[in-house]
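Take a look at the chain shown below.

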Amino acid sequence: MKKKQQLMILLPVIVALLAGLIALSAATYAWFTFDPYTNVTPLEGKISKGEANLLISESKDGPFDKQCTLNPAVFSQELRPVSTVDLNRFYTSIAQNRNGYSVAFQEVTDKTDQYLIHGTVYLQCLGGSCDVYFQTPDLEISGDDQVLSAGRLGMRITDKNGRQTTLVFKLDALGSTTGAQQRPTVQEDNVVLSGIVGTGAPVFVNDPAVSIGDYQADAANPKKLLTLQSEEIAQVDYWLYLEGCDTACYNPVHSQDITLQLGFAGEPVKEGNN
């Protein structure tokens with residue numbers, strides 16, 4: 001992909017997680033059940049470089065420009081582990097067995113403001129159609145190994161016809177995770193919750209998360225997030241959360257500082273390939 005053919009947009013969803021001090025005992029705790037540990041402050045989104053053909057807004061009605069203010073509709077002051085397969089329903093642990101595995105859960109979909117960050121932005125391409133990818137090095141997370149291993153970025157993209165694409169991204173490709181400590185939090189491997197039965201018994205399914213690196217514009221064969229037709233407006237909903245079923249999601253992810261910056265690049269669609 002030639003750099004001169006790319007229309008670049010930088011959306012720094014700069015989410016600073018200001019850690020509180022927490023005294024941890026020697027025991028391990030999957031799915032934290034003690035005090036919250038982060039304060040979260042989202043800042044404005046900006047386009048750092050490139051032409052104005054790919055634009056962003058916090059409202060479908062605009063104005064569309066090179067930057068927009070981020071106003072998450074769901075804005076937790078503390079990130080606490082949840083599990084989801086499709087970003088529709090979220091679950092958290094309420095009981096563990098003597099081995100520290102979570103064995104009972106409750107749905108917290110109507111309480112996500114206590115667990116995660118969820119917001120919406122809108123993208124528009126002017127003067128032609130373009131395929132949209134994540135853009136590096138603008139796409140960056142400054143967090144430690146543990147955060148990158150346990151963290152998830154969920155996205156649901158809705159086009160002008162109402163068609164939706166839901167993606168959940170693992171963040172491992174954004175930095176080294178070789179130092180991340182691992183400990184199973186549930187008895188199954190590589191799973192997330194799709195529901196609960198009875199008194200909270202989990203229904204597990206395979207983890208649908210994919211590598212965010214495969215959707216970066218500079219990948220060998222990048223996968224596109226979406227195609228925008230000329231003048232089309234697409235809604236992009238995003239979720240930032242910790243996946244509680246991830247083996248890295250236990251004590252060491254506590255009291256961390258995180259900065260998340262999203263960058264998008266648009267490559268013009270050649271005539272006849274729309």
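Glu 231 is found in the loop between β18 (226-228) and β19. This is a predicted model. Phi of Glu 231 is near 75 degrees, a positive value in a residue other than glycine. Glu 231 is partly exposed, with a relative accessible area of 48%.

Leu 87 also has a positive phi, about 70 degrees, although it is not a glycine. Leu 87 sits in the loop between β7 and β8 (91-96). Is Leu 87 buried or exposed? Leu 87 counts as buried, because its relative accessibility is 3% and the cut-off for buried is under 20%.

## A cis peptide bond

Another loop holds a cis peptide bond. Gly 62 and Pro 63 are joined by it, with omega at about 5 degrees. Pro 63 lies in the loop between β5 and β6 (67-68).

## The chain as a whole

The chain has one helix and 20 strands. It counts 274 residues, and buried residues make up 50% of them.

Strand β10 covers residues 117-125. Eight of its nine residues are buried, so the strand is largely enclosed by the rest of the structure. In a regular strand, side chains alternate between the two faces of the sheet.

Which strands pair with β10? One is β19 (residues 233-242), which runs antiparallel to β10 and is joined to it by eight bridges. Here Ile 117 stands opposite Leu 240 in β19. Strand β5 (residues 54-57) is also antiparallel to β10, with four bridges between them. Leu 54 has Cys 125 in β10 as its bridge partner. Strand β7 (residues 74-75) is joined to β10 by two bridges, again antiparallel. There, Val 74 is partnered by His 118 in β10.

## A hairpin

Strand β15 (residues 191-197) and strand β16 (residues 201-206) pair over six bridges in the antiparallel sense. Val 192 stands opposite Val 205 in β16. The two strands form a hairpin with three residues between them. Gly 198, in the turn, has a positive phi of about 60 degrees.

## Salt bridges

Side chains of opposite charge can pair when their charged atoms come close. How many salt bridges does the structure hold? It holds five.

One of them brings together the side chains of Lys 224 and Asp 131, at 3.7 Å from N to O. This pair links distant parts of the chain, 93 residues apart. Lys 224 is in the loop between β17 (210-211) and β18, and Asp 131 is in strand β11 (residues 130-134). Lys 224 is partly exposed at 43% relative accessible area, whereas Asp 131 counts as buried at 15%.

## A charged network

Arg 152 and Asp 207 meet through their side chains in a salt bridge of 3.2 Å, N to O. Arg 152 lies in strand β13 (residues 151-158) and Asp 207 in the loop between β16 and β17, so the pair ties together parts that are 55 residues apart in sequence. Both Arg 152 and Asp 207 are buried.

The side chain of Arg 152 also forms a salt bridge with that of Asp 246, at 2.9 Å from N to O. Asp 246 lies in the loop between β19 and β20 (259-268), 94 residues from Arg 152. Asp 246 is buried, as is Arg 152. Through shared partners, salt bridges join Arg 152, Asp 207 and Asp 246 into one network.

Definitions and conventions: Residues numbered from 1 in each chain as written. Predicted model: local features only at pLDDT ≥ 70, side-chain atom pairs only at ≥ 80, totals over all residues. Heavy atoms only, no water. Buried < 20%, exposed > 50% of the residue type's maximum accessible area, 1.4 Å probe, protein only. Pairing = 2+ DSSP bridges. Salt bridge = Lys/Arg side-chain N within 4 Å of Asp/Glu carboxyl O.
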